[in-house]
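Me: Take me through one part of this model, please: the interface. I'd like to know what it is built from and what holds across it.

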Amino acid sequence: MGKQAELLPGTLDLLILKTVSLNPQHGYGVLLRIGQITGGALSIEQGALYPALHRLEHQGLLGCEWGTSENNRRAKYYRLTAAGRKRLGEEVEGWNRLVAAMRAALKTRPEEV
Amino acid sequence: MLSRLRSLGRMIFRRSLWEQETSEELQFHLDQRAEDLARSGVPRGEALRRARLEFGAVESYREGCREARGARWIDELSRNLVYALRSMRKSPGFAGVAVLSLALGIGANIAVFSLLHRLILTTLPVREPERLYQVVLISSSGSHHRMPYPKFELLRDNFKVFDPLFGWGGFRDFELTVEDRKQPAHVAFVSGNYFDALGLRPAPGRLLTAQDERATEIAVISYGLWQTVFAGDAAVVGRSFSLKQRALREATFQVVGVAPPGFFGTEPGDSTDVYLPVHAIKRYDPQGLQHRGVMWFHIMARLRQNVPLPTAQAMLREHWPKLDEPERIQRGDQGRPHFMVLEEGGHGYSPVRVEFSGALLVLMGLVAAVFLIACANLATLLFVRGAGRAREMSIRLALGASRAQLLRQWMTECLLLSLLGGVTGLLAARWITDLLLYFLTERDRPWLRFHPNPEVLVLGIALTLAAGFLFGLLPAIRASHVNPEAMLRAPSGSETGRRGWTAQAVLAGQLAASLVLVAGAALFARTLWNLNTTSGGFDRKTTVYGIPNFLAGQFPQDRIPGAMKEVLDRLSRSPNVIRASMGDPPILWSGSQWRWVTVPGYVPEPGEDNVVFGTMTAPGYFQTLGIPMIAGRDFEDRDRTPRPGVAIINEKLARHYFQDNNPVGRRILYGPKMPLEIVGVVKDTKDASLREPPRAVVYLPLPADRWSAVVARPKVGVAPSVCEAEIRSAFAAAAKNVPVQVERLEEALQRGLGRDRLVAQLSAAFGLLGIVLASVGLYGALSHAVSSRTRELGIRIAVGASAWDVIRLVLKQCLSVTGLGILLGLPTAIAGGRLIGSLLFEVSPTDPLTLAISAAVLAAAGLLAGWWPARRAARLDPSRTLRCE
């Protein structure tokens, strides 16, 4: 793996919602997918994923059912609920605003002040 | 929100399944990771180790999952609950006192509130009750909700602001017969538009309409009557029944329909059974609708669309006196004109409400005070327990529990207690209501029974939670703020005598509230005593009266005067009777015999009413009742002419119209056309009620051919019951088979004191309860103070303190709290006394003697509660207390 960035607080939830929104996943799948779509640029301790998943499920943003994994084992699959989809939209929008603002702030040159 | 609740519910009820599934989920992750690593070439054993390493601390993440679902909260709660149950089982006495006193406090509040709710807050189950108004007649003798029927027609024909105007007159003295079933019935004679105006729909059949107003043979029955007497008969329409009034006239009616369920008439608290068109009253009294002096008809109205209330009031105020004037002049009424006003009517007319809402409000105050006392009492006991458990708290703090955790655990215990108390109270409320109703009314009133409704339930829940926090929070905060280091280092039994000021303040507050209750009880007890001992100006204790019912005995009308004369003769010959006579006894007069009096030479002030009350008496009436003559003579047989020419007046009338001149021999005009010569003056008597001051009264001689109630007084030393028997036997001899109602005058007066007796009894009961609770609290606090000071007391005794010194030491502490309670309670009692002033009689709410006695009672209770702990302290054996370390 290449250079790794620390996760900003709150971004793990966003990443999970995004990942699950693509298609229902079990916990390990979510982990792999995050690694895949971020190109392994983010480091999280694997176990930390689970309290986050349970919290989102508790809040009604994720639904879950038991299914069978690729190698025929029982696994808990998470999917996005309607409330989760709405939240994802809001979070993405908020994130984009933040990024835009940060980028603008960091581009500022002395003569512009 | 919902999903959170569902998820919480799952954590509470399907916890083990969740645990198992989560383990499986985490295990799946580890296995998958290990497999992936193995596939990328890591050796099998190493792969598992690496997977675990990358995952991190499994147990801590599992805990994280639990926390994410609020499970920690659930776990702590269930731990606290188990702990609370265990500590309740360990001290069942405390738990019992707590639950019982809370149940009593909460139950009594709910019961009284549900009665108040029914009587004062519930509106009639009709269309738009908030737009209903009662029409009230204001005359010189007060405000009347009932009036003569002609006034209704006058209003209906002359005022266009009402749409509609309707009314009814209710009678309770009917007996209903259906086939062979008989039962008493409350009958309402209603205007034709009554049901339309209220917006009601029939159950089966039809209701009365405006076209039925003049009908005399049809009836609507109540839903309750349909279900009971007619057994819910589907073919009830067309069936007939008969109604008999006071065993006099009887008439049959045909049912045309049934009123809707839930509608009990427009007199809440007194369900109407039968509704008849108003003209049906002619079958009982042909002149029924023409009487101008009989007050029986209630009038209600809605206002025409777009007519605001003030406009309607103004029109009534301006036009009614003019409309009424011709009749007033005809009656010889020279007083102030009468007015009609509109009052809110959505709650219906309820004599029960008029009579008891004052008493119920007082009762609400009393039970609220009892509730607060119960809470304060528990707080005191909890302070004591908290101090007793300080060691346990210290150990738990020292072992790493947080203060917030200790606080939560305490509050769990308190709320569990209050919950048990609240549930018990809610269950007990039904019986408490029944008990109150048993005292309140002679008749069964199903309408007032306890009906759980949302408002009552909300009150119950609010009181339960309030109780838990009220009694729990202060002691909990105190108990969780122990200093473990100091506490664990000190030997037991050596705490200083000082306890926190909060505990003392709560105890003092409780004593203060008890003082208020005791003072209230004392005031009501003195009121009842005063009402029982006030003479009223006549001999109320021994006088006996009898009212014959000649009609029921089918006694010929023309023989009545002779029979009455014989009864009186027999009575005056009896060796047991001082004197017997005829005339309505005071207080039992009907108030309708008032007239206007004109006194030549007396110029009335503008607006003065000159109303006097008249009653007819036979010779000897004043001597029989023990009313002293001040001047002139009593009536004699020759005065008993068909048209009275002479009169006796009371002192009040004499002083008002003749000042200091002798009125005997002067003439007055009574009503429009009855000139009377005054032959005597008697002392004043109370006549309306024992509470009201005497009014101006004219006594007229009873004409020889008329009769009235028989009054008789036994000789000194002869029991009134002997006199009662004499009256009965005199009637038995003179008028066989005529039923006579005989009783002591005192019995009739006592019936009128029902409300005062109720208030006095209940306030005494609550006062006693308050004192007992306060004593329990004080006893608990002092016992604990003594046991925590055993070491100090032991040393004092060892170095020579006498038993009395020790007792004095403990009692001083007890008296200082009681003194503080009295100091706080007296101003509160005085303030509360002002609120109940209208219910008192001849005792001031700030009566110093009453307050002093109440304070003394409280102090005595305090001393009594402190005496046992003090005795125990004095009997401590120093050698043992000092050795027990």
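Reply: First, a polar contact here is a pair of N or O atoms within 3.5 Å; within protein, one must be able to donate a hydrogen and the other to accept it, and sequence neighbours count only through side-chain atoms on both sides. This is a predicted model, so local features need pLDDT of at least 70 and side-chain atom pairs 80 or more, while totals for chains, interfaces and linings use all residues. Residues count from 1 along each chain as written, chains are lettered from A and ligands numbered from 1 in written order, and side-chain values use heavy atoms, leaving out hydrogens and water.

On to the interface of chain B and chain A. With both partners at pLDDT 80 or more, 15 residue pairs are in polar contact across it. The largest share belongs to α2(B), with 14 residues of the side that touches chain A. Sorted by class, that side of chain B has ten charged, nine nonpolar and eight polar residues (Asp, Glu, Lys and Arg are charged; Ala, Val, Leu, Ile, Met, Phe, Trp, Tyr, Cys and Pro nonpolar; the others, Gly among them, polar).

Four salt bridges cross between chain B and chain A, each a Lys or Arg side-chain nitrogen within 4 Å of an Asp or Glu carboxyl oxygen. One of the pairs to look up is A:Arg74 with B:Glu24, a salt bridge whose closest N and O atoms sit 3.0 Å apart.

Now the extent. Chain B brings 27 residues to the contact (heavy atoms within 4.5 Å) and chain A brings 25. About 2,500 Å² is buried between chain B and chain A, and carbon and sulfur atoms give 51% of that; the figure is accessible area (1.4 Å probe) lost when the parts are put together, summed over both. Within chain B, the residues that lose the most area to chain A are B:Glu25, B:Phe28 and B:His29, together 27% of what that side buries.

Of the contacts in chain A between residues at least 6 apart in sequence, 51% join residues at least 24 apart.

Notes
Buried area = accessible area lost by both parts, 1.4 Å probe. Helix = DSSP H or I, 4+ residues; strand = E, 2+ residues; numbered from the N terminus.
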